[in-house]
Amino acid sequence: MSRLRIITSNKAQETIEFLYKDLERRIVSSPPGLCPIDLMASFVKMSHAQTCGKCSPCRIGLGQLVDLLEEVLDGKATMSTLDLIEKTASAVYYTSDCAIGYEAADMVLRGIEGFKEDFEEHILRGRCVAALDQAIPCISLCPAGVDVPGYIALISEGRYADAVKLIRKDNPLPAVCGLICEHPCEVRCRRNMIDDSINIRGLKRFAVENAGYVPVPEKMPATGKTIAIIGGGPSGLSAAYYLSLMGHDVEIFEKRKHLGGMLRYGIPRYRLPREILDDEINTILSLGIKVHKEIDIGKDITFKKIKEDFDAVYIAIGAHTDKKINIEGHETKGITSAVDILRKSGDGEALDLEGKNIVIIGGGNVAMDVARTARREGADKVRVVYRRRQVDMTALEEEVEGAIAEGCEILDLYTPRKIEKDENSNISGLWIQSQIIGRIPFDRPVPVDADTESILIPCDQLVLAVGQGIESKSFEKEGIPVTQDAIMAEEWSGIENIPGVYAGGDCVFGPATVIRAIAAGKVAAANIDEYLGYHHVIETDVEIPEPRIADRIPCGRVNMRDRQASERVSDYELVEFPMSLEEAMQESSRCLRCDHFGLGVFKGGRVEKW
Amino acid sequence: MVKLTINNQEISVPEHTTIMEAAEMLNIFIPNLCYLKDLNEIGACRVCVVEVEGVSRLVTSCNNAVSEGMVVTTNSPKVRASRKTNVELILSQHDARCATCVRSGNCSLQEISNDLGIIDNPYKENIPLAHWNDDFPLIRDYEKCIKCMRCIEICDKIQGLNVWDMSKTGSRTTVDVSHNRRIEEADCALCGQCITHCPTAALRERDDTDRVYEALGTKDKITIVQIAPAVRAAWGEDLGLPREFATVKRLVAALRKIGFDYIFDTNFAADLTIMEEGSEFLQRLGDKENQKWPMFTSCCPGWVRFINTQYSDMVDQLSTAKSPQQMFGAIAKTYYARLLGVDPDRIFSVSIMPCTAKKYEAGVSVMADAGSGQDVDVVLTTREIDRMIRAEKINPALLEEEEFDTPLGEGTGAAVIFGATGGVMEAALRSAYYLVTGENPDPDAFEDVRGREGWREASFDLAGSKLKVAIASGLGNTRRLIEAIRSGEASYDFVEIMACPGGCAGGGGQPIEDGKELAGVRMDVLYGLDTVADLRFSHENPSVIKCYEDFLGAPLSARSHKLLHTNQKSWEL
């Protein structure tokens, strides 16, 4: 007899470990619209399989709960069944010895609260109000509804120009999105059920970079209608593109020196090179869109005048003001906002950061953009102060990693307390207070002060990257409804009781992603066209290839690689390497073609025109 | 062209051909269930799976295209076993009590199950429970639905009414009225196209044969039956009769054997409809400026339901003329009761229709103008009368032809084409020409309105004035036409609409042959009957002329208005 032995896993346990991973990925790609009670019943059933069997509430109660939930689903339950479910779940929650039991019961209790309407529909009316109507995960999660399986199939056939044409049907900024889209399309990719989501953004970039110049489609016959677009960012450009295609006369009014909005004044060149942005904007303008630069609405021309001069107006002014934080000493010299720095950088002005010691407050992508820009401007030391943990940052993980690789330091779990200044009122340092991560009231844990003294970190320049606001005052004065600086537009982009005036993008929903801004421009274009009495249809003649018939063998996802940090930190060249042809072919062949296999072939599938 | 091998045979087929179609070119037939060409190619039942060399999972042949060098096996052990399992699984959720099923013997599931030799099912039955209103003319039997989704597709793609949809999710997914509505509130036109495209008996008409048997067995009742034009082109299909043998006169003989007292022809009333509707059209034309145009035909109750729910502001553009069925009903319980010298309450009026919406129409509360209950007491579909013939063990192959009774058994060639899309328009134009000019046109002068396209238009010269007409069949086409009228893209004087593609010939009450669209061949039969008819003008129908002389007076007379016209706005839905 040996006294101790090494634990080895048997084949069944090894297999189960694989299945756990399978299940995790399956849940990731769960489509929206499923019956929440049905899902919950199956979660409880799985939880019941996890029970050790020692305690009666968990061993017996979870099974009873599954049966009762099944009764609800089968239309055999009454409202007293619901009471029994609640009573049972409460007892299991209160009396189970360990989390296997009480956490499972808690799911049910939360479900009773959260799916109240669903329970009542099932019990009282014998029907389920859930409906799967989004059959293709990537398309339905793309705010602009870009035909992802379609263009991936085109890429795998080497038809890159067709891929670009297909993308432009729903999104006129494919080159921009190929580089900087936050790719919500990838989140619930069904390929997760096999291995990992498709690298959709990377493939889009590959298509754009290999397509050569793809001219815009021919304009539809001129309508003689005029539309003013206020703001030449992604939303305004998108609306301008589609409205112009539809045959309307479009004029863009831009406050700054150049078009592009946050694409130019928010996103650094090393992520979106200016020549690519300029090319894309020029392609859009090639439709014959007139541009008025450096026109400030309310100052150079009144909104009223624009409204009078045009048949319709689309307001897409973005969110370009900085937000402040209340911190002792904030009137000190040497404090600036991320928005200022990135705007100057966008216009090519000198930033004067060389050799400086910079501290940035914030944890979003903008904070990372400033940090990495500062390194490229020759800042000596760049530190990002963030009050939660690094994993809690809203910045994309690869942005944080990129910044760290380029020599930026992340000081997480610190909150700024007080600014230290020298005799000339120039900033000399920042007092920061250590935090400990705390409770999770909803989705993110709240940090609280740790029981330690504040510490002083020296700095020459403090940059606040704590969010952006909207400069909507001049519109509010002219009767446009505004709430907390955001313009109040309906979901169809119109403004209540002001016919012919539409708004969208960051100025309506606050700082968000480029693809949401593009989508808002598309929605506005469609509804402005209808408002003007037309129903122009946007479509493309690109024929989508038949899906490949092949087994779907697990295969790693091709991720994008970056240039060496030590090399890229001293220039503004694009950081990210493109996919190679070999990689693009492998990656595009991983697409499961949900437009053909699954519900997409029947309902909620491809939208060929809009 | 794409070269591939199927079951060791090589073939070259055009690009985009499906595996199933390529196999058919080699006379290799792949079992399938949910598939309907062009309409439902969604691979839901997974019965048509085949094996493709180099691919371990099986592939549906109905909706996957061939590719160069593909090697396909349609009957490998893996295919056979998987296909059979899938049919067994479908059967486990299907009420397979075939002995009491209306589609027994004409059921694609039964056929494939028998073909695959399934004599025992290893799976426990798990049949969904749900309730349906059995009084509604359209019956859904959830226990028989195999979720092929065809009803959803036909209603979405062809009829554009989106009555059906998938309902519930997960294991309880079924097909039901869309948006969690009840059928009564779903704007269903009752066209019955979902029934004729259902592979099983999950959808059927309300069976009203018992009410007819009861009347036949009631001594005091005088049973009168009318046969709609399109029924004669189809009734033999369910009984295995060749089309040329299954004449309407043999159907008359069968109905006499069943025991109906008087057997009449809806054609009589169709001619009457032309007199009324044609006169109404000319009357409106005389007052052109004050009328809304176009005038629409009104004889299709599916269409009337459609316009009432979808374009209620246009209902007054319908001709006020009742449909032939309802004109017949009103005449039977007035004029004919008088001819027989009987109390009209004794008359039990039955109609045999290619249609499910006619069941609704007969039940509309204002369709009781004769004053003796509903003008038409019971409507039977072509399928139901075929079932009655079978129930009586009448051997249709031995039937001799028999004549209709008179005078309501008399009809013209203009009436018989009512059963085909464009027929009402053509019949109306023939008589309108006569009414305006006083002389008959060439009976085929208006043949431009014939055809199978879903939306057709034609122009004619009517005594110097230009007439622009249009015809649509199928409600999706109808919607396109109406939208074009409303947007000003199209304008017409007179428009004929039939809810079913091809008109009544393709009606939702007609016999079902799964996978086949038979409207076209049935239309050919009807146009053939018109060509050989002695009389080809409604205004020449002697019984109609006599009916006006002895009873109605003239078209659009006060009595005509009371008995033969209606305000469709007052129809409850």
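This is a predicted model: local features need pLDDT of at least 70, side-chain atom pairs count only at pLDDT 80 or more; totals for chains, interfaces and linings use all residues.
Residues are numbered from 1 along each chain as its sequence is written, and chains are lettered from A and ligands numbered from 1 in the order in which they are written.

### Chain A

Seven residues of domain 2 of chain A are in contact with six residues of domain 4 of chain A, where contact means that the C-beta atoms of two residues, placed from the backbone, lie within 7 Å. The side of domain 2 of chain A that touches domain 4 of chain A has four nonpolar, one polar and two charged residues. In this scheme Ala, Val, Leu, Ile, Met, Phe, Trp, Tyr, Cys and Pro count as nonpolar, Asp, Glu, Lys and Arg as charged, and the others, Gly among them, as polar.

Helices (H or I, at least four residues) and strands (E, at least two) are DSSP runs, numbered from the N terminus. The expected span of a helix is 1.5 Å times one less than its number of residues. For helix α3 (residues 56-73) of chain A, with 18 residues, that rule gives 26 Å, and the end C-alpha atoms are 25 Å apart, which agrees. α2(A) has 15 residues and reaches 21 Å from its first C-alpha to its last, close to the 21 Å expected.

A residue is buried if 20 or more other C-beta atoms lie within 10 Å of its own, exposed if 12 or fewer, and partly exposed in between, with C-beta atoms placed from the backbone. In α3(A), the buried residues are P57(A), C58(A), G61(A), L62(A), L65(A), V66(A), L68(A), L69(A) and V72(A). Their cover includes α2 (36-50), α4 (79-95), α5 (99-114) and α6 (116-125) of chain A. In α2(A), the buried residues are I37(A), D38(A), M40(A), A41(A), V44(A), S47(A) and H48(A), and what covers them includes α3, α5 and α6 of chain A. Just after α3(A), G75(A) has a positive phi of about 75 degrees.

### Chain B

Chain B contains 18 helices and 17 strands. Its C-alpha trace spans about 80 × 55 × 45 Å along its principal axes. A compact globule of 573 residues would have a radius of gyration near 25 Å, and chain B has 25 Å, which agrees; the radius is taken over C-alpha atoms, and the globule rule is 2.2 Å times the number of residues to the power 0.38. Of the 573 residues of chain B, 52% count as buried. Among contacts in chain B with a separation of 6 or more, 74% are between residues 24 or more positions apart.

In strand β10 (residues 222-227) of chain B, six of six residues are buried. I222(B), I224(B) and Q226(B) point one way from β10(B), and T223(B), V225(B) and I227(B) the other way. In strand β17 (residues 494-498) of chain B, five of five residues are buried. F494(B), E496(B) and M498(B) point one way from β17(B), and V495(B) and I497(B) the other way. In a regular strand the side chains alternate between the two faces of the sheet.

Two strands pair if DSSP finds at least two bridges between them. The pairings are as follows.

| Strands of chain B | Bridges | Sense |
|---|---|---|
| β10(B) and β13 (residues 347-353) | six bridges | parallel |
| β10(B) and β11 (residues 262-265) | four bridges | parallel |
| β16 (residues 465-473) and β17(B) | five bridges | parallel |
| β12 (residues 295-296) and β17(B) | two bridges | parallel |

The bridge partner of Q226(B) in β13(B) is S351(B), and I224(B) stands opposite Y262(B) in β11(B). V495(B) in β17(B) is the bridge partner of F296(B) and also of A470(B).

E53(B) lies in the loop between β3 (49-52) and β4 (59-60) of chain B. E53(B) counts as exposed because it has 11 C-beta neighbours inside 10 Å.

### Between the chains

17 residues of chain B are in contact with 16 residues of chain A. The side of chain B that touches chain A has six nonpolar, eight polar and three charged residues.
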